[in-house]
Amino acid sequence: MATDGLKDKEGIVIIRIRNGSIKERRVRVRGKSRIRDILLRAGINPEEVVIIKDEELITEDDFISEGEIIEVLPVSLGG
Amino acid sequence: MVLCDLCKADKAIIKVRYASLNLCRKCLFMFVERKVEAALKSVGVLDKLSGKLVLVAVSGGKDSTNTAYIIHRLSKELDFDVRVLFINEGIGEYSRRREKAVRNFCKNMKIECDVVDMRQEMGINIDEAAQILFKSGVSVKPCSVCGVFRRYIMNRRAIEVGADYVATGHNLDDEVQTFIMSLLRGDIRSIAREVYSIKRTIIEELVPRIKPLFLVYERESAVYSLAHNFNVVRAACPYAPLSMRYIIRKMVNDLEYKRPGTKYRILALKETIGRSIRDKVLKEEEIKKCSKCGMPSSREICRACELKEMLHNLAS
């Protein structure tokens, strides 16, 4: 089963956690959601990560829609 | 798209929750750099930098690279010299990647770079020390050995190059974590010693240490580094999960999220407690010279020589 197929991403957003290796979490959403809420639902503390979407830094106050992907980087990596 | 709350023009790249501010790239740079100036001013160093030499200890990670970048920028404005010190602690590929990153950074910035091999300086590196510690089952963690050895090498190299100050990449989160670790150990001396001041270190063989990122949250430092596109090693040290710091970091970040500004308040408390007990606690602590290496120490034999000897005995 393809993981990145469009059909697969319907009703969800994908969070890619770049913590040395890449782990993926999927969160069910309806329409637009605030990134902070998505992170909290995935059990990720926004204080502990930097958020990237389409290779650009964004804030937890930004919104994300179903089918979209965000990447998160733990802030403590390599301090 | 969220706009910057300061310039109201550019896209925000970070939310500073304790100040209720979303900041764009340019405003974050200004925000962090002003905090660095404030941290240097608070210990009376900013006005004294002209004509001095600052040795920046860079590990190849985000915090110390940011420190070197900002200190280098300030050196042009305030007319002082900067050198970088990289200590290769011998943690396999992790250290090799970091050395390469620091060498490249210094080359690009045109900063003189000293590379020191921990094995050559101390007779043992961290991978070797960790093996001995794990095998023998003693409670000393590789991170403790690494910290003591690095501080020792930093001071020795600072004396050798005639540095007036050693700058490290410790950020506000590091300070808060260290304070809580001291509290949990009931280590009142450590709390007294960790007060951010350079007064106590005006001893000939102890080069004053400055922490330019003292007021900068780790998250701000991470975004500053990414926004500059610095080529740093964003990988955790393989020994990090073994340290107490790892647990404390998570706990403090949970509190910070629920109560923004918690880290600032803990830092303020740390300084208040430290300053009020410092003179009393450290009064009896006479700074002597280590009978083995001659470096300053509050004990007969300094901690670095003590650990070296312990590792040697465990290995034989």
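## A nonpolar surface patch

In chain B, helix α10 (residues 244-258) contributes most to the nonpolar patch, with 3 residues. The patch lies on the surface and is formed by B:L184, B:M244, B:Y246 and B:I247, with about 430 Å² of accessible area together. B:Y246 sits in helix α10 of chain B and counts as partly exposed because its relative accessibility is 45%.

Patch residues have over 30% relative accessible area and no salt bridge, nonpolar side chains being joined within 5 Å and like charges within 9 Å. A salt bridge is a Lys or Arg side-chain nitrogen within 4 Å of an Asp or Glu carboxyl oxygen.

## Basis of the model

The model is predicted: local features need pLDDT of at least 70 and side-chain atom pairs pLDDT 80 or more, while totals for chains, interfaces and linings use all residues. Residues are numbered from 1 along each chain as its sequence is written, chains are lettered from A and ligands numbered from 1 in the order written, and side-chain values use heavy atoms, without hydrogens and water.

## The sheet

In chain B, 5 strands make an open, parallel sheet in the order β5-β4-β3-β6-β7. Its edge strands, β5 (112-117) and β7 (209-210) of chain B, each pair on one side only; pairing takes at least two DSSP bridges. Helix α3 (residues 92-109) of chain B packs on the sheet and touches β4 and β5 of chain B.

## A buried threonine

B:T65, in helix α2 (residues 62-78) of chain B, is buried (under 20% relative accessible area; exposed is over 50%, partly exposed in between; 1.4 Å probe, protein chains only), its own value being 3%. Beyond neighbours within four places in sequence, B:T65 is in contact (heavy atoms within 4.5 Å) with B:V58, B:G60, B:F105, B:F230 and B:V232.

Note on methods:
Areas by Shrake-Rupley, 256 points an atom, 1.4 Å probe, with all protein chains shown as cover. Helix = DSSP H or I, 4+ residues; strand = E, 2+ residues; numbered from the N terminus. Axes fitted to C-alpha atoms, helices over the stretch in contact; angles between N-to-C directions.
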